[in-house]
Amino acid sequence: MKKDKGATIGIAVFALLLLALVFKPDSPLPMMRERAPEWTRPQVQRDLGHIQRDTLRVLVLQDPFSYDDVGGDAGGLEWRIIKRFARAQKLPVVAITVSDPDTMLLMLQRGQGDIMAGQFCPQGPFAHYVAFTLPYRTVAPIRAALYQDALVRRTIRSRRAEGVADTLTISRWSSFRGLAAPFDKRAGDVVLVPDSAAPMELLYRVALGTCRAAVLSDAQGSFEARKLPHVDFGTHIGPEIPLAFAVRSNSRTLLRAFNEHMLRKKEKGAIRSLIAEYSNGVIGKGQMRSLPKLDLSPDSISPFDSLFQVHADNSIHDWRLLAALAYKESRFDTTAVSGAGAEGLMQIMPGTATELGVDSAGGVSGHIKGARDYLAYLDEFWRASVPNPEQRLKFVIGSYNAGPGHIKDAQRLAHMFGLDPAKWDGHVERTVLLLAVPRFHEMQEVRHGYCRGTETFWHVRDVISAFKQFRQRPSSPR
């Protein structure tokens, strides 16, 4: 009996020593249970009470829908929604830009931020690690691809009929990744190729032609549709999903206060208005627009045909190009004045008019002569870098609209992104569109800043289209 008792005591002592060794902090043996990674759970106790004595820290992505700081004027849909909450709570608020959502999650759990704003779906991959607010909107996936002679949709339909899956690039940060059924089988089978680029970065790759097709949200498509008219933003290819903000799972008071704020009738209306500000285009257009067939009189193009012909006698350009330019610029209205200050039949800017020697005393004839001289100057300006006459004409027309400085900027961007800086069609016409996007027009290589690229894009196409229609007519007698 004593022997058994001694053995029992010995076993117990040995077990205690073993446990002490296992749990000793500097023990060389592995721990019996590994700690969960930091990003999986809160590392601090920091709720609304702590924030009220400090600052509400908002973790944001550099994106028009999360946070966008252009020229020192902070915007972005989600940032503006959160700022309304901070104002209502009388909280100082600061935005902390983060490179990617994974880093954002770690910073949230460490207490370096209090709210994550990155267009997150509550059913997405972060669902188990954070607490989500009530949704502030819903979005649905769409397909973005370049128009290919207005046949993109036809190609998709034929491939679908043949049972061929459509291959789409999707950002690894997309709201639609990690969901059970983000795409609708009625839209056809989809093969997804993940990419580390953010969704808007993928869109710009599509716009440049370096990415064939990408998945975006309908909100992103609507926001960029007018800026990028050469991109086909297709109809929905999947169901809507909610978007919400994320807080630490132990920030229960902050979560409750935010949700109560969003449920107020006034706030619901304000959020709807903010969302509308970020919906400035139409998706699912079907095909690119083109200049319709012009309804012209049988014996003339305009009342100024004879003047166009006279001034074109000593010009390298056909008189009908002058007519096409006048049609696009003013619809042959000699009294037209643009919002930018361009005047008259040929819509010449006052500064340019002075340089060309155009004044009111010259009348319509003087305006046409000034336009002719300016076209000749622009042709010489582009002759060395654009040797092809057909392509050079489009650079000339683009410069007439936007100024040669902006077109030079677009040419530099084309070189940067591997496009041909000597070709307008499918090359520089794409980069001129990006001059309306802050991340591009703020680049060091862009020397003349913002440009309404869409206006220039359509100006060139419409003038060339009108010119072709005018050339199909016999020359009018002088």
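Which residues are buried in α14? In this predicted model, the buried residues of α14 are Gln-391, Arg-392, Leu-393, Lys-394, Phe-395, Val-396, Ile-397, Gly-398, Ser-399, Tyr-400 and Ala-402. Because 11 of its 14 residues are buried, α14 is largely enclosed by the rest of the structure. The elements that cover these buried residues include α11, α13 (363-383), α15, α16 and α18. Helix α14 itself comprises residues 389-402, and the distance of 20 Å between its end C-alpha atoms agrees with the 20 Å that its 14 residues should span at 1.5 Å a residue.

The setting of this helix is a protein with 18 helices and 13 strands. Of its 478 residues, 50% count as buried. Among contacts with a separation of 6 or more, 73% are accounted for by residues 24 or more positions apart.

Helix α18, one of the elements covering α14, runs over residues 453-471. From the first C-alpha to the last, its 19 residues reach 27 Å, close to the 27 Å expected at 1.5 Å a residue. Helix α18 is likewise described as largely enclosed by the rest of the structure, because 14 of its 19 residues are buried.

Two packed helices are described by the angle between their axes and the distance between the axes. For α16 (residues 424-434) and α18, the packing angle is about 150° and the axes lie 7 Å apart. An angle over 145 degrees counts as roughly antiparallel, and the two helices α16 and α18 are therefore roughly antiparallel to each other. Their crossing is right-handed. On the side of α16, the contact is made by Trp-424, Glu-429, Val-432 and Leu-433, while α18 contributes Gly-453, Thr-454, Thr-456, Phe-457, Val-460 and Arg-461. By class, five residues of this contact are nonpolar, three are polar and two are charged.

Helix α16 also packs against α15, at an angle of about 110° and with the axes 8 Å apart. The range from 65 to 115 degrees counts as roughly perpendicular, and α15 and α16 are therefore roughly perpendicular to each other. The crossing of α15 and α16 is right-handed. From α15, the residues in contact are Ile-407, Ala-410, Gln-411, Leu-413 and Ala-414; from α16, they are Trp-424, Val-428, Thr-431 and Val-432. The contact divides into seven nonpolar and two polar residues, with no charged residue. Trp-424 and Val-432 of α16 take part in the contact with α15 and also in that with α18.

Within α15 (residues 404-416) lies Gly-405, which counts as buried at 17% relative accessibility. When neighbours within four places in sequence are left aside, Gly-405 is in contact with Arg-412 and His-448. Gly-405 and Val-446 are separated by 41 residues in sequence, and their C-alpha atoms are 9.3 Å apart in space.

A further helix pair is formed by α3 (residues 77-89) and α8 (residues 252-263), whose axes come within 10 Å and cross at roughly 105°. That angle makes α3 roughly perpendicular to α8. The residues of α3 that make the contact are Ile-82, Arg-84, Phe-85, Ala-88 and Gln-89, and those of α8 are Leu-254, Ala-257, Phe-258 and His-261. By class, the contact of α3 with α8 has six nonpolar residues, two polar and one charged.

Although Phe-332 is not a glycine, its phi is positive, at about 65°. Phe-332 counts as buried, with 16% relative accessibility. Gln-347 is found in the loop between α11 and α12 as well. Its phi is near 50°, again a positive value in a residue other than glycine. With a relative accessibility of 9%, Gln-347 counts as buried.

Finally, Ser-306 is placed in helix α10 (residues 305-312). Ser-306 has a relative accessible area of 36% and is partly exposed.

Notes
Residues numbered from 1 in each chain as written. Predicted model: local features only at pLDDT ≥ 70, side-chain atom pairs only at ≥ 80, totals over all residues. Heavy atoms only, no water. Helix = DSSP H or I, 4+ residues; strand = E, 2+ residues; numbered from the N terminus. Expected span 1.5 Å × (residues − 1). Buried < 20%, exposed > 50% of the residue type's maximum accessible area, 1.4 Å probe, protein only. Axes fitted to C-alpha atoms, helices over the stretch in contact; angles between N-to-C directions. Parallel < 35°, antiparallel > 145°, perpendicular 65-115°, else oblique. Left-handed = near helix turned anticlockwise from the far one by under 90°. Contact = heavy atoms within 4.5 Å. Nonpolar A, V, L, I, M, F, W, Y, C, P; charged D, E, K, R; others polar.
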